Amino acid sequence: MLIKTANEAIDYIHSLKRFGKKSGLSNITVMLERLGNPHKGQRFVHVAGTNGKGSVSNMIKNILVCHGYKVGYYTSPYIEFFSERICIGNEMISDSDLVLYTNKVKEVSADIHPIEFEFITAMAFLYFKDKCCDVTVLEVGLGGRLDSTNVIDTPLLNVITPIGFDHTAILGSTLSQIASEKAGTIKENSTVVITQKMPPECVEVIKAKCIATSSELIVPGGEPCDVKLSLIATSFTYKNKPYTLSLKGTYQLDNAITAIEASYALMNKLELCEADIQKGLASSFWKCRFEVVPSKPAVVLDGAHNSHGITALIDSIDAYFPNGRRVFLFSMLSEKDWHDSARLIANKADSIVVTTVPSIRETATDEMYDFLVAEGAECICIDDYKAAYVKALELAGEDGTVFVFGSLYLAGAIRLEMSRFISM
């Protein structure tokens with residue numbers, strides 16, 4: 001049956017299984033073969049990692065756009081609108097193209113029952129090929145080695161952002177195991193840029209993979225200097241060059257340095273200049289990454305959804321909001337190892353409002369509430385996330401701050417709720 005509207009396309013895509021077994025890349029390979037292998041011949045920057053890959057991908061995309069390149073951009077999950085996942089520059093895929101490419105991929109894949117991510121990845125490859133993108137920034141969905149994006153040949157550049165514990169049931173229970181999955185994106189004769197803050201055991205795994213594939217490994221050297229944090233922007237100096245970063249959060253400094261080093265590496269493969277890097281960082285915007293809404297009370301939206309990300313978030317909260325009443329609006333998907341994250345936040349807020357993640361996947365709100373109370377937190381539980389948000393605002397008062405985190409789905413839903421009243 002032919003899909004006719006964008007809503008029908010999204011409903012169809014969401015009807016597919018979300019996760020599949022570790023069956024390799026067979027489904028996506030067959031789908032792409034039937035579509036004429038649109039990924040072949042395209043130029044990619046392939047970005048993997050546990051945290052920060054969305055921010056780093058966004059920065060690299062903006063740097064390339066500033067030079068004038070037509071840049072494909074594939075990211076997940078979306079925050080407010082499904083079409084955020086497939087962009088050219090800052091323009092989301094149109095409703096008409098969403099319908100067109102959903103039908104094209106549906107036609108070649110009905111008999112192999114792809115999972116949702118495989119389907120969307122095939123759509124993105126075909127879309128970027130048809131639109132003649134100069135280069136595509138391709139964000140890994142989960143892991144790397146068996147991720148659908150990993151069907152590409154050697155990219156212009158591999159980037160690996162900080163690695164931490166997440167999706168351990170799929171990727172492994174040790175950092176070395178998880179790093180091995182991320183390093184699975186490295187192919188023969190690659191150029192690989194990794195974050196400066198990479199855990200040592202992960203660095204060793206990545207180094208070994210680079211040696212095995214005759215790849216060049218670039219590790220940023222030097223620390224940012226003259227750092228000035230504000231709720232408007234972050235300024236710093238790196239390797240004697242000044243930068244202004246529009247994204248806020250102390251953790252974005254490391255992401256920015258990774259993007260800068262990635263851009264230096266790309267200069268050997270593409271026409272690119274220092275001014276592009278400076279303009280790209282200054283113009284980068286990424287929803288729900290320590291996004292501060294200047295309301296009363298102030299609201300901060302953040303996608304931190306694992307213990308590594310939440311540790312970085314708390315550091316940013318302490319740096320930007322050392323005083324005043326803090327209220328956390330918090331939830332995590334049940335499939336996550338949420339206990340460590342809950343333990344980290346238990347004594348960092350005046351009040352915590354636990355709610356349900358607006359997702360088809362489960363949230364253990366009662367268990368989280370009981371756990372936080374046992375850890376000594378001042379806590380209440382309201383399942384309806386809209387009502388929970390209203391309560392959090394009330395608890396914060398005009399001079400306090402509400403921090404929404406634990407899931408990008410939650411942060412995105414609250415952002416959408418806020419946008420009905422505030423221009424964002």
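Is Lys 287 buried or exposed? I looked it up: at 18% relative accessibility, Lys 287 counts as buried (buried is under 20% relative accessible area, exposed over 50%, partly exposed in between, with a 1.4 Å probe and protein chains only).

I note that this is a predicted model, where local features need pLDDT of at least 70, side-chain atom pairs count only at pLDDT 80 or more, and totals for chains, interfaces and linings use all residues. Residues are numbered from 1 along each chain as its sequence is written, and side-chain values use heavy atoms, with hydrogens and water left out.

I then turned to salt bridges (a side-chain nitrogen of Lys or Arg within 4 Å of a carboxyl oxygen of Asp or Glu). The structure holds 16 of them.

I checked the partner of Lys 287: Glu 80 forms a salt bridge with Lys 287 at 2.7 Å, N to O. The two lie 207 residues apart, Glu 80 in the loop between strands S2 (71-74) and S3 (86-88), Lys 287 in the loop between helix H10 (274-283) and strand S12 (291-293). I took helices (H or I, at least four residues) and strands (E, at least two) as DSSP runs, numbered from the N terminus. Glu 80 is buried at 11% relative accessibility.

I looked next at Glu 116 and Arg 85, whose side chains meet in a salt bridge at 3.8 Å, N to O. Glu 116 sits in helix H5 and Arg 85 in the loop between S2 and S3, 31 residues apart. I found Glu 116 buried at 6% and Arg 85 buried at 7%.
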